[in-house]
There are 4 protein chains.
Amino acid sequence: MALMTPGQFENSLKEFKPRVFMNGKKVENILANKNTRTVVEANKASYAWAIDPQYKNLMSCYSPLIDDVVNRYTSVSTSIDDLVKKAEVGTFAAEMLGTCIYRCVGYDTFHALASTCWEMDKDLGTEYHARFLEYLKMVQRKDLSVAGALTEPRGQRSQKTLDWPDPYLSLKLVDKNRDGIVVQGAKINISGAFASHELVVLPQSAHSEGEEDYAIAFAIPADTEGITYVCQYSPFSAERDQCDDIYELGNPLFGQRETSMVIFDNVFVPWDRVFHCGEYKYSITFVTRFAKTHRMTCGGTCKVGFMNQIIGAAKLIQEYKGLENASHINDQLIEMVVLRETGRACGMAAATKGIEDPPGSGVYLPDELMGNVAKLNICNAFWRVMALAGDIGGGLIVTLPSLKELKNPEIKDYVKEFYNFGSNEPTENIMKVHKLLQHWTAGQHGVATWHGAGPVMAQKIMLHRLINYEHEKKIVKRVLNLKEKSKDA
Amino acid sequence: MALMTPGQFENSLKEFKPRVFMNGKKVENILANKNTRTVVEANKASYAWAIDPQYKNLMSCYSPLIDDVVNRYTSVSTSIDDLVKKAEVGTFAAEMLGTCIYRCVGYDTFHALASTCWEMDKDLGTEYHARFLEYLKMVQRKDLSVAGALTEPRGQRSQKTLDWPDPYLSLKLVDKNRDGIVVQGAKINISGAFASHELVVLPQSAHSEGEEDYAIAFAIPADTEGITYVCQYSPFSAERDQCDDIYELGNPLFGQRETSMVIFDNVFVPWDRVFHCGEYKYSITFVTRFAKTHRMTCGGTCKVGFMNQIIGAAKLIQEYKGLENASHINDQLIEMVVLRETGRACGMAAATKGIEDPPGSGVYLPDELMGNVAKLNICNAFWRVMALAGDIGGGLIVTLPSLKELKNPEIKDYVKEFYNFGSNEPTENIMKVHKLLQHWTAGQHGVATWHGAGPVMAQKIMLHRLINYEHEKKIVKRVLNLKEKSKDA
Amino acid sequence: MALMTPGQFENSLKEFKPRVFMNGKKVENILANKNTRTVVEANKASYAWAIDPQYKNLMSCYSPLIDDVVNRYTSVSTSIDDLVKKAEVGTFAAEMLGTCIYRCVGYDTFHALASTCWEMDKDLGTEYHARFLEYLKMVQRKDLSVAGALTEPRGQRSQKTLDWPDPYLSLKLVDKNRDGIVVQGAKINISGAFASHELVVLPQSAHSEGEEDYAIAFAIPADTEGITYVCQYSPFSAERDQCDDIYELGNPLFGQRETSMVIFDNVFVPWDRVFHCGEYKYSITFVTRFAKTHRMTCGGTCKVGFMNQIIGAAKLIQEYKGLENASHINDQLIEMVVLRETGRACGMAAATKGIEDPPGSGVYLPDELMGNVAKLNICNAFWRVMALAGDIGGGLIVTLPSLKELKNPEIKDYVKEFYNFGSNEPTENIMKVHKLLQHWTAGQHGVATWHGAGPVMAQKIMLHRLINYEHEKKIVKRVLNLKEKSKDA
Amino acid sequence: MALMTPGQFENSLKEFKPRVFMNGKKVENILANKNTRTVVEANKASYAWAIDPQYKNLMSCYSPLIDDVVNRYTSVSTSIDDLVKKAEVGTFAAEMLGTCIYRCVGYDTFHALASTCWEMDKDLGTEYHARFLEYLKMVQRKDLSVAGALTEPRGQRSQKTLDWPDPYLSLKLVDKNRDGIVVQGAKINISGAFASHELVVLPQSAHSEGEEDYAIAFAIPADTEGITYVCQYSPFSAERDQCDDIYELGNPLFGQRETSMVIFDNVFVPWDRVFHCGEYKYSITFVTRFAKTHRMTCGGTCKVGFMNQIIGAAKLIQEYKGLENASHINDQLIEMVVLRETGRACGMAAATKGIEDPPGSGVYLPDELMGNVAKLNICNAFWRVMALAGDIGGGLIVTLPSLKELKNPEIKDYVKEFYNFGSNEPTENIMKVHKLLQHWTAGQHGVATWHGAGPVMAQKIMLHRLINYEHEKKIVKRVLNLKEKSKDA
């Protein structure tokens with residue numbers, strides 16, 4: 001069987017030497033660094049689930065490409081049922097981790113590649129699709145973790161790509177020969193790339209004539225020479241760096257959503273890993289297919305899982321405080337559930353209204369309207385869920401002392417008394433649940449959820465392009481029996 | 001074939017003599033009265049669609065009960081696909097009519113009856129299910145319009161049913177003999193009953209021991225002796241009564257959602273039309289099954305259709321004013337679309353997550369959580385859509401002069417100039433589109449949408465009963481690795 | 001004393017012969033027509049209050065111009081205290097009437113005229129200010145009702161005034177001689193003009209070079225030859241036309257907010273009533289001063305009064321139903337109060353932060369930022385209050401039968417039983433309170449409130465012009481100790 | 001003059017030895033510890049402003065008590081103008097610091113003490129008021145920083161104070177003698193107490209008969225023996241602990257809002273510092289007067305200042321990106337301004353509608369309704385402002401690498417290029433502005449703002465007590481001309 005065990009996955013990363021910087025210093029070992037370690041743990045969990053009898057029906061699936069069972073995150077959806085499963089796996093991973101499953105963006109790039117390579121070949125006579133399938137088979141056989149990358153630094157927003165003076169603001173081809181291409185530039189805000197085996201790169205936006213060198217898509221081992229990762233560093237990173245017991249943290253094993261910028265300094269990509277090279281009209285196709293796939297994920301699936309953690313923590317605090325009958329808290333819990341289910345419904349609708357796109361390709365992609373609606377709703381809903389859970393959790397979410405006080409002989413008895421609320425629960429547990437709510441409501445998740453898969457404006461622009469109102473106008477004319485005649489004739 | 005033509009439907013109402021009052025006077029002829037006529041027109045349209053090649057696949061379906069094609073509104077869902085079609089037909093009828101399709105409540109009562117009669121028979125050895133099927137076959141064969149009725153006047157809300165002093169506040173059995181039962185009391189806010197062939201009556205709420213006489217469900221021809229209808233009367237009723245050209249009204253043919261109170265004065269119901277009689281524990285079952293079915297309809301389907309009329313009208317006004325590129329209007333249109341699609345997604349999720357309920361009954365009912373979420377979202381969304389469309393339509397929505405001014409020789413030239421916005425559209429058409437928006441945004445639809453199928457609080461109570469948080473608490477305990485130990489031991 | 005009694009006011013309208021059309025017909029007598037009568041009643045009430053010992057301190061004030069007590073609606077604010085009283089009188093009139101006090105727009109135009117005429121005279125050496133003061137003295141001495149008019153029909157929104165082909169789309173000077181000017185064009189959506197003695201006209205927007213003929217402001221008796229009024233006509237108009245007992249209506253005496261278009265066909269205005277004529281740079285000054293004054297009124301004052309009616313009605317219904325302890329209803333009442341008080345606070349802040357504008361003029365105008373904030377908040381708040389009150393009022397708000405049923409011997413006993421809720425209140429009273437909520441929540445007030453004094457976008461545009469962010473940027477730079485140096489030097 | 005210089009203030013803290021714990025360890029020196037230092041810096045700034053020619057008119061005032069100029073934070077409001085200044089100083093301090101001015105709670109306790117001691121003396125013949133004035137004079141003469149404390153740990157919320165088993169859950173008198181009282185218990189979530197000279201303690205809630213020992217109020221030097229502080233510890237604390245250049249942090253000098261629990265272990269308070277002792281009926285008076293004073297502050301004043309920092313940072317980022325003309329960003333900035341001004345208006349209304357309370361006391365307190373409305377609005381507005389600023393700031397708010405990368409020779413050029421957006425601003429400045437937005441939108445401020453001065457439910461409860469609806473009901477009855485007669489007689 002192709003599937004790796006979690007142990008095999010961790011071993012596979014030992015030989016892996018990406019060039020990573022964090023907090024002004026080089027990270028010598030991504031398995032040992034406390035912050036990069038969280039990404040390893042998150043991806044590792046997905047290897048465990050795929051072979052766990054309880055979860056494997058969800059986390060793995062059969063691939064006709066290699067006639068074997070593969071991790072779902074290395075597959076491409078070929079039916080509505082696959083899309084529904086895709087939605088479910090997103091929720092499951094999110095609620096188990098409380099952070100990104102870092103294989104998700106790669107999974108979504110596979111969908112954009114499978115459909116768009118097929119289409120380019122059909123339209124242009126290129127051979128990208130076969131190349132991509134060979135690549136995907138390799139990924140499936142080796143059960144690799146694959147990150148995806150689209151967003152770029154960009155220069156002045158009012159200028160065009162070619163007008164940006166600096167060399168790294170957008171990723172581009174700088175050389176080409178018989179064996180492959182050489183690329184230079186950067187991607188930013190890339191989730192979990194430094195702890196993935198492979199990196200799949202798509203263009204970040206539409207390209208036009210003259211921008212052929214920016215119209216590129218390819219896959220590359222994540223520790224290829226010339227690639228450098230510069231990691232985010234937040235107060236939560238500092239807290240983790242400093243702690244000696246991760247179980248005093250809000251999300252002990254899996255931490256925050258970790259991103260980095262990814263810099264490409266004359267990186268060589270062999271031709272069999274190049275899936276788009278100069279056909280600039282198709283750059284936007286990659287982007288929109290990725291976007292609609294990823295917005296279903298980020299709007300209707302993973303945030304549902306995150307909300308499950310938040311709702312569970314708020315419910316526990318209600319119980320610890322003995323407030324099960326407080327109607328205003330029950331109302332708040334219900335409001336959170338309604339926001340969660342609304343997200344889930346939109347995600348599910350994006351899946352069940354999915355289509356083979358383009359027809360004949362065999363690739364199923366979510367409904368674009370619903371994917372965008374899902375994400376747009378979640379942008380606002382997540383902030384609201386934060387506010388509601390913050391209300392239930394109380395001021396303690398931000399005024400909580402260190403869990404170390406529980407080991408401080410001069411202080412521990414006070415702390416145990418104060419944060420117990422007269423309940424039968426160990427105070428340590430109660431404090432940890434508050435710490436989890438701190439992670440969710442007093443940290444990075446509002447902004448991160450809003451911007452992941454593009455902010456509200458990105459969804460609005462897409463919706464503006466998508467919608468025409470001909471049907472709606474027609475029904476108005478019919479119900480009013482309007483006559484189509486010339487003006488006041 | 002069982003299906004009636006629209007003409008046959010209208011003819012069938014000619015012999016039909018319900019006792020109807022409106023605006024303090026008796027309505028002698030429901031076909032002729034301008035306001036009751038709108039209900040006839042709405043139901044009549046559903047007969048046309050069922051035989052229209054363009055719509056019949058949606059509006060009709062095969063019934064194994066009578067081995068023939070029937071109007072969908074006389075069927076019971078027996079699969080997920082039926083539920084999805086049920087959602088679609090709700091949206092279709094609503095966008096065609098801009099008001100209730102008055103057969104919808106009856107359709108939903110059939111679902112509650114089919115499942116609960118089956119369950120009572122299984123649990124109690126009664127014979128309601130066979131009786132109901134015979135009744136339904138008759139309805140299908142004759143292609144009858146059937147209204148449904150649950151809500152009752154009720155007395156002081158803080159008292160119980162038996163404590164209410166007045167005789168009509170809740171419908172009850174007052175006599176029983178070999179041939180049938182005699183009922184007395186009333187239902188209120190009942191949609192379109194006076195222009196339906198049949199009336200199906202369910203209990204309005206849970207009943208407990210001692211309230212057996214209130215635990216009743218039955219079907220009855222709508223013009224049965226002893227039944228009196230007292231119709232709503234609003235400014236919109238007065239406007240229609242007064243007008244001589246219905247095409248000067250906001251919804252010319254189909255008007256407002258028309259309801260009436262329905263008074264039962266010692267009405268006899270033969271046993272073969274009685275489906276619940278004293279088994280008080282099942283009253284709540286009828287109600288909740290009806291509610292979840294009807295909330296999918298009122299939340300996720302018909303309001304989507306209404307919003308289509310509103311969005312279409314707002315778009316037309318944008319175009320008449322030459323403001324296609326005004327980004328704030330495009331944003332508002334998109335916001336309306338997002339609210340609409342969110343409603344649709346929740347309705348669709350209620351359908352696709354539907355189940356056979358109870359198992360073995362063969363009856364499919366929508367997911368209860370999603371049905372309630374759909375309705376709760378729509379309560380708020382509809383007011384927002386009204387506000388947005390009201391913004392686009394402008395003050396003219398309320399300051400519009402009568403369309404009669406277009407025929408007033410002293411005035412018509414001014415009016416034609418002022419309300420044309422410099423467009424090429426006949427001013428009459430522009431004024432009519434504003435009149436449609438007046439119907440939607442400056443009238444009864446905010447309050448009506450909120451309360452149809454129960455107001456927000458009804459959904460919240462249902463959700464509070466439905467949701468337990470065990471899954472969510474479990475995932476929190478797992479991610480934090482909380483130890484289940486006794487307090488601070 | 002200058003103040004008229006209500007009877008004197010009504011008598012004064014008997015000789016008054018405006019040319020008015022409604023519902024396609026000429027209104028021969030505005031005192032007799034049921035709909036135009038509501039405007040007379042509303043203005044008449046303001047005459048009663050000014051001499052009522054209970055209200056006269058608010059409704060009247062001392063005018064140094066004529067050294068006498070005058071109706072506040074004929075005065076100009078010359079202090080912060082006057083502005084605060086202006087806010088209070090707006091709330092008072094609104095809660096007493098449940099509709100417009102139609103003298104309010106005229107009152108606000110006086111503020112724009114007093115300040116801008118003074119400024120033009122100072123800048124240009126014109127003599128408008130003295131002329132305006134003479135006019136105002138006459139108004140005060142005769143205690144006249146004065147309406148104001150700004151909004152015009154306009155043509156295609158993307159074109160400029162001079163490009164509109166039709167003759168009436170914007171009001172303009174068409175002739176000028178030794179005695180005065182002749183104007184042609186129209187104003188639309190004008191509140192209560194046909195039942196006011198005088199009409200004050202301001203430009204509707206900025207004007208530029210070449211548009212001198214549109215840069216006009218003047219006052220004119222409302223029944224001057226050449227002026228025609230075409231009234232709005234809504235379902236509520238039809239209901240009133242039809243009814244024989246106005247106490248069966250939602251707002252018995254004072255009705256809906258009545259507007260009309262006002263057409264000027266070669267209307268002559270003598271020079272002593274012309275306050276702006278060609279000085280196009282000052283057109284925008286009139287508009288913005290009027291707008292900030294009127295937005296305080298429409299945002300922070302009259303809607304507070306309207307909300308008082310709505311809150312009172314919702315509270316009464318809660319009590320009739322015996323639901324005083326229903327916490328979700330109490331929450332909704334509190335939410336309405338919070339929205340009301342937020343409006344009031346913004347209005348009060350606009351008044352207390354008011355300034356002499358321009359300095360030296362002696363005229364006090366509200367703070368422009370706060371006036372716009374007040375209006376913008378109210379646009380949204382009013383729809384929310386409608387939804388909340390609609391929830392409390394229940395479906396009955398729209399399903400209510402005619403109050404005539406209370407006199408129908410066949411029906412009245414049922415109706416009395418059903419709509420009594422088991423309370424001790426006469427059912428007739430309960431139904432009337434629902435009728436009042438129908439007026440507020442199932443009618444024209446959402447759209448009307450949004451657009452009165454300009455819709456949200458008008459406030460946003462004004463705020464965009466008003467706000468610079470220099471202070472905010474400075475505090476950021478200080479707290480971060482940012483160095484002002486050249487780029488990455 | 002009584003006023004200390006900032007240097008004198010810092011010196012005064014050198015002799016000051018509070019017992020403070022943070023992160024499981026004792027804080028030996030609050031001036032040196034990086035986190036406790038931020039509180040020192042914030043309070044210190046208030047000493048600087050009081051003698052700064054630019055700010056002294058706001059930050060200082062004349063005290064007739066000592067016939068000298070004092071810091072405003074040691075005064076009590078005796079006029080509407082004082083309340084308005086109180087509002088202004090709150091905004092000013094907040095926008096300068098970006099965190100609490102920790103003297104604010106003490107300032108608000110002075111208002112509760114001045115009015116309630118006066119009232120108790122009048123009602124009961126006690127001598128608290130004179131005692132309080134002596135204390136206040138000492139504070140003014142020495143220009144001391146004073147913290148305030150109300151909130152207590154509490155036990156099971158459904159039980160009463162006397163039923164809580166543990167000794168520290170509520171602060172109480174445990175002994176009393178000729179010289180003073182001895183108290184035991186704790187206060188939690190107390191802002192900045194460990195770096196204040198004095199601590200003023202009020203009861204946290206109403207008390208009833210039998211709870212006399214809990215009905216206590218007093219003042220005490222903050223380093224009195226028996227008092228222990230256990231500080232909050234968050235990711236932001238860890239980040240500050242770890243950093244070597246505070247100008248790499250989001251709020252360099254002033255940090256997060258720092259709180260601690262304050263434990264009282266048999267702490268002796270001499271009688272001349274005791275202001276409430278057993279008169280349990282007045283406990284609620286202290287609390288409600290404090291609450292209405294503090295809610296004006298936390299609702300209408302300091303959050304206005306915080307929003308100024310947020311708005312300034314968002315505006316700067318808009319400019320750095322060259323997006324000054326992006327209308328959706330301008331709309332978001334305007335929305336933030338509207339939310340800010342709404343808060344300001346409510347705060348100002350609370351001040352300008354303030355009253356002498358109780359009459360004769362000479363103490364002016366804000367309007368209770370408006371104070372609560374201000375706070376309730378801000379609870380929701382602040383989350384919304386966070387979401388809006390988070391949108392403008394972009395994903396970079398959370399994905400930002402450490403500012404140390406700017407000194408990393410291998411990385412700095414990339415970072416400078418990527419985060420410059422093609423602008424002329426030094427990248428370091430741009431990153432710092434993002435770091436400020438991280439502080440505001442990806443940290444503790446949503447939850448902290450919501451709960452400071454009590455969460456939404458606390459305001460709702462207060463409003464429910466405050467509001468009766470008699471006026472509103474009366475206007476409804478008048479407009480409908482309802483007859484007060486017995487039921488359907």
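**Entry 1**

The model is predicted: local features need pLDDT of at least 70, side-chain atom pairs count only at pLDDT 80 or more, and totals for chains, interfaces and linings use all residues. Side-chain values use heavy atoms, with hydrogens and water left out; residues are numbered from 1 along each chain as its sequence is written, and chains are lettered from A and ligands numbered from 1 in the order in which they are written.

I then looked for the partner of B:Lys187. B:Lys187 forms a salt bridge with B:Glu152, with 2.8 Å between the closest N and O atoms (a salt bridge is a side-chain nitrogen of Lys or Arg within 4 Å of a carboxyl oxygen of Asp or Glu). B:Glu152 lies in the loop between E5 and strand E6 (172-176) of chain B and B:Lys187 in strand E7 (residues 180-191), so the pair ties together parts that are 35 residues apart in sequence. Helices (H or I, at least four residues) and strands (E, at least two) are DSSP runs, numbered from the N terminus. B:Glu152 also counts as buried, at 4% relative accessibility.

**Entry 2: other salt bridges**

I noted a count of 104 salt bridges over all chains. One of them joins the side chains of B:Arg103 and B:Asp143 at 3.6 Å, N to O. B:Arg103 lies in the loop between helix H4 (80-97) and helix H5 (104-124) of chain B, and B:Asp143 in the loop between helix H6 (128-142) and strand E5 (146-149), so this pair ties together parts that are 40 residues apart in sequence. Both B:Arg103 and B:Asp143 are buried.

In chain D I checked D:Glu41, which forms a salt bridge with D:Arg37, the closest N and O atoms being 2.9 Å apart. The two are four residues apart in helix H2 (residues 34-51) of chain D, and so are separated by about one helical turn. D:Glu41 is buried, with a relative accessible area of 15%, and D:Arg37 counts as buried at 18%.

In chain A I found a network of salt bridges linking A:Asp244, A:Asp245, A:Glu248, A:Lys404 and A:Lys407.

**Entry 3: chains A and D**

I found 80 residues of chain A in contact with 80 residues of chain D (contact means heavy atoms within 4.5 Å). The two chains bury about 6,600 Å² between them, 59% of it on carbon and sulfur atoms; buried area is the accessible area (1.4 Å probe) that two parts lose on being put together, summed over both. Two salt bridges cross this interface; D:Arg19 and A:Glu410 meet in a salt bridge at 2.8 Å, N to O. Helix H10 (residues 368-393) gives the most to the side of chain A that touches chain D, with seven residues.

I laid chain A on chain D with an RMSD of 0.0 Å, by a turn of 180 degrees and a shift of 0.0 Å along the axis. The two copies are thus related as by a two-fold rotation axis. Superposition is by least squares on the C-alpha atoms of residues with pLDDT of at least 70 in both copies. A:Gly443 comes closest to the axis of the residues of chain A, at 2.1 Å (C-alpha).

Methods:
Buried < 20%, exposed > 50% of the residue type's maximum accessible area, 1.4 Å probe, protein only.
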